[in-house]
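Student: I would like a close look at the charged side chains of one model. Please take the salt bridges in detail.

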Amino acid sequence: MVRTQIQLTEEQAVALRRLAVLQGVPIAELVRRGVEMVINSDESIEKKKRFAKAKEVAGRFQSGLPDLAVRHDDYFAEDSL
């Protein structure tokens, strides 16, 4: 673990202490959970951006196979040989 210092408003400190007591965990654990939530939400934004890009290109290309939607597994198996 890495030790760090943060500055909180008085209201944040009081609320964290109260929540820590209610949950029976140290304030540091609540801070770690909060940091994890921020990190995960940022990753979620990146996933949404990648999904949006993938959606933009969907349907732009043609395989030339009229039954690809039905026989995609067959074609994949043939190419894997």
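How many salt bridges does the count come to?

Tutor: The count comes to seven salt bridges, a salt bridge being a side-chain nitrogen of Lys or Arg within 4 Å of a carboxyl oxygen of Asp or Glu. This is a predicted model, in which local features need pLDDT of at least 70 and side-chain atom pairs count only at pLDDT 80 or more, while totals for chains, interfaces and linings use all residues. Residues are numbered from 1 along each chain as its sequence is written, and side-chain values use heavy atoms, with hydrogens and water left out.

Arg33 pairs with Glu29, their closest N and O atoms 3.2 Å apart; the two lie four residues apart in helix 2, about one turn. Arg33 is partly exposed at 37% relative accessible area, as is Glu29 at 23% (buried is under 20%, exposed over 50%, partly exposed in between, with a 1.4 Å probe and protein chains only). Lys49 and Glu46 form another bridge, at 3.7 Å between the closest N and O atoms. They are about one helical turn from each other because they sit three residues apart in helix 2. An α-helix has 3.6 residues a turn, so residues three or four places apart point the same way.

Elsewhere, Arg71 meets Glu78 in a salt bridge of 3.7 Å, N to O. Shared partners join Asp67, Arg71, Asp74 and Glu78 into one salt-bridge network. Arg71 is partly exposed at 29%, and Glu78 is partly exposed at 45%.
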